[in-house]
Amino acid sequence: MLKGISPLLSPELLKILQEMGHGDELVIGDANFPAQSLGRRCVRADGLGGVALVNAILDLMPLDTFADAPVTLMQVVPGTMDADPPIWAEFRAAVEAHQPGVKIAQIERFQFYDRARSAYACVATGERALYACVILKKGIL
């Protein structure tokens, strides 16, 4: 155990966060996201929720202040929901708590998959909320 580091962050995920450089992207996928088949590197975080994991990651990792929107959500597929997914408000609150004023973008589902393919790593969570997929772009200290 290490002091001050969330127990939600596995040794493998901590290694990936340390290896990532400025501008590298980390995908946090929900339980339905095909993280294993899309990611060059995939870390399993089964049983963990997306918001809790984003909070733990953002405790350690700065977001890219040079990017217009260093956080990206997967857009809702038209006709599947009438409003924004409730978890999006939780993601926004987590981001705001760690780095106030950061812009959050949305991209279409297949564009999100394309970005995931080129991301540094994907994390497969056990999050069961719909549209609980987010991309975090690493910044500098």
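The side chain of T125 reaches the backbone oxygen of G29 at 2.7 Å, a polar contact in the sense of a pair of N or O atoms within 3.5 Å, where within protein one must be able to donate a hydrogen and the other to accept it, and residues adjacent in sequence count only if both atoms are side-chain atoms. A polar atom of the T125 side chain also lies 3.1 Å from the backbone nitrogen of E127. The model is predicted: local features need pLDDT of at least 70 and side-chain atom pairs count only at pLDDT 80 or more, while totals for chains, interfaces and linings use all residues. Residues are numbered from 1 along each chain as its sequence is written, and side-chain values use heavy atoms, with hydrogens and water left out.

T125 belongs to strand β5 (residues 121-125); strands (E, at least two residues) and helices (H or I, at least four) are DSSP runs numbered from the N terminus. Beyond its neighbours within four places in sequence, T125 is in contact (heavy atoms within 4.5 Å) with I28, G29, D30, A31, A45, L48, G50 and L53.

One of these partners, L48, sits in the loop between β2 (42-45) and α3. Not counting residues up to four places away in sequence, L48 touches L8, L53, T125, G126 and E127. L48 and Q106 are 58 residues apart in sequence and 23 Å apart in space, C-alpha to C-alpha.

Y131 is in the loop between β5 and β6 (134-137). Its phi is near 55 degrees, a positive value in a residue other than glycine.

The table gives accessibility, where buried means under 20% relative accessible area, exposed over 50% and partly exposed in between (1.4 Å probe, protein chains only).

| Residue | Relative accessibility | Class |
|---|---|---|
| T125 | 4% | buried |
| L48 | 21% | partly exposed |
| Y131 | 13% | buried |

Helix α3 (residues 50-58) packs with helix α4 (residues 86-98) at an angle of about 15 degrees, their axes 10 Å apart. G50, V51, V54, N55 and L58 in α3 meet I87, E90, F91, A94, V95 and H98 in α4. The residues of this contact divide into seven nonpolar, three polar and one charged, with Ala, Val, Leu, Ile, Met, Phe, Trp, Tyr, Cys and Pro taken as nonpolar, Asp, Glu, Lys and Arg as charged, and the others, Gly among them, as polar.

Methods: Axes fitted to C-alpha atoms, helices over the stretch in contact; angles between N-to-C directions.
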